[in-house]
Amino acid sequence: MKGAALIAAAALGLAAAGCGDGSEKSVTVVQTVVRTAPAAAPPATARGTSTADVVARVLPGVVNVTTRGFDGNKGEGSGVVIDRAGVIVTNNHVVQGARTVTVSFNDGRHTKPVRAQVIGTAAERDLAILRVKLTDLIPVPLGRSSKLRLGDGVLAIGFPLGLTGGPTVTQGIVSGLHRTVHADGGPSLEGLLQTDAAINPGNSGGPLVDAAGRLIGINTVAASRAENVGFAIAIDEARPVINEIRSKPADQRVWIGATFDSIDSAAAAVQIGLAPEVRGAAAIAVFASSPASKAGIKEGDVVVAIDGQRVRSTEGISKVIGSHKPGDSVVLDVVDSGGPRRVTVTLAKRPATVPGG
């Protein structure tokens with residue numbers, strides 16, 4: 001919500017940008033946050049640097065991810081190196097249900113495909129972290145999606161449509177900020193970047209970079225019934241999830257079972273019927289049979305404190321919840337249009353797939 005108006009949007013058919021069995025997921029734009037910042041008309045690249053120069057710097061950190069499921073079906077997507085010690089980010093839907101995952105590089109040094117291990121996923125964020133047994137990779141530097149403005153130039157790089165001959169590069173601008181979409185049969189994804197850079201099946205998990213070649217998004221879905229509409233997970237939304245997966249063993253990663261959007265301005269609070277002074281994190285999706293659902297958390301509830309600690313953003317709630325272990329109980333101070341209430345939630349181990357999602 002980010003201090004801007006919340007409006008209803010018409011349904012769009014969207015397809016996950018993975019390249020698996022060819023099926024497409026229907027995705028509905030359930031809310032759109034409109035920012036009033038003036039659109040810039042920036043150059044496609046940083047001053048004095050050509051697009052080709054930026055692409056050349058980023059390409060060594062872009063990988064082709066191929067999978068084989070337990071049913072024998074093959075899948076394909078993209079990924080991005082974020083740590084020279086073998087850590088790669090992709091989409092959860094690229095690797096979900098995979099028996100084996102293999103990564104191919106573009107760095108000119110690792111010419112043979114390498115087997116990858118899925119070290120963790122966050123299905124409700126459509127993120128997955130892979131690790132390969134290599135220590136000399138070339139990562140793509142992380143940027144800050146919060147610094148983006150409408151009209152900023154971006155590049156999408158990946159392996160769409162199973163095309164041979166190397167990666168594909170497409171160019172566009174930031175077309176929208178803080179989009180929320182809902183996949184039929186999958187979770188709502190919030191805080192997404194919208195771009196008109198072409199994103200097609202196979203681009204899933206690949207990088208969206210800014211004019212300086214910094215990672216500002218993970219490409220995830222594209223419209224199937226609209227032109228020039230694609231979405232990427234904003235890196236500022238992905239960063240705390242990635243850090244949690246990297247820093248904790250699988251059996252210690254905690255799950256509350258809801259996704260949130262920040263209520264960080266009077267305008268955002270008023271738009272959902274709350275007093276202008278309310279700040280916190282609003283539940284925009286609550287998963288069936290999750291800890292949040294069992295505790296009575298509903299969509300639209302705004303968490304303002306956890307165990308007495310103030311919460312003012314999605315990053316804040318992720319930080320507090322992430323400091324706990326599965327089985328811990330936390331007390332949430334919640335506000336909705338009916339007023340404040342207090343809810344106790346018993347946190348669970350993060351599942352590989354989202355129940356009822």
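On a 1 Å grid over the protein atoms alone, a cavity is a set of points where a 1.4 Å probe fits but cannot get out, a pocket is an open set with protein on both sides within 12 Å along at least five of seven lines, and lining residues have an atom within 4 Å of a point. Grid points are joined across faces, edges and corners, and a volume is the space filled by probe spheres set on the points. The structure is a predicted model, in which local features need pLDDT of at least 70 and side-chain atom pairs count only at pLDDT 80 or more, while totals for chains, interfaces and linings use all residues. Residues are numbered from 1 along each chain as its sequence is written, and side-chain values use heavy atoms, with hydrogens and water left out.

A search of the whole structure finds one cavity of 30 Å³ or more. The volume of the largest cavity is about 40 Å³, and its lining consists of Arg 125, Leu 127, Leu 189, Glu 190, Leu 192, Ile 233, Glu 237 and Ala 238. Two or more of these lining residues come from each of S12 and H3; helices (H or I, at least four residues) and strands (E, at least two) are DSSP runs, numbered from the N terminus. S12 gives the most, with three residues. By class, the lining of the cavity has five nonpolar, no polar and three charged residues, where Ala, Val, Leu, Ile, Met, Phe, Trp, Tyr, Cys and Pro count as nonpolar, Asp, Glu, Lys and Arg as charged, and the others, Gly among them, as polar.

In H6, the buried residues (under 20% relative accessible area, with exposed over 50% and partly exposed in between; 1.4 Å probe, protein chains only) are Thr 314, Ile 317, Val 320, Ile 321 and Gly 322. At the start of H6, a side-chain oxygen of Ser 313 lies within 3.1 Å of the backbone nitrogen of Gly 316.

Strand S19 (residues 302-306) is mostly covered, with five of its five residues buried. Strands pair if DSSP finds at least two bridges between them. S19 runs antiparallel to strand S18 (residues 280-286), to which two bridges join it, and Val 303 in S19 is the bridge partner of Ala 281. Four bridges join S19 to strand S21 (residues 329-336), also antiparallel, with Ile 306 opposite Leu 332 in S21. Strand S20 (residues 309-310) pairs with S19 in the antiparallel sense over two bridges, and Ala 305 stands opposite Arg 310. The hairpin of S19 and S20 has two residues between the strands, and Asp 307 there takes a positive phi near 50°.

His 110 is found in the loop between strand S7 (98-104) and strand S8 (114-122). His 110 is buried, with a relative accessible area of 13%.

Definitions and conventions: A polar contact is a pair of N or O atoms within 3.5 Å; within protein, one must be able to donate a hydrogen and the other to accept it, and residues adjacent in sequence count only if both atoms are side-chain atoms.
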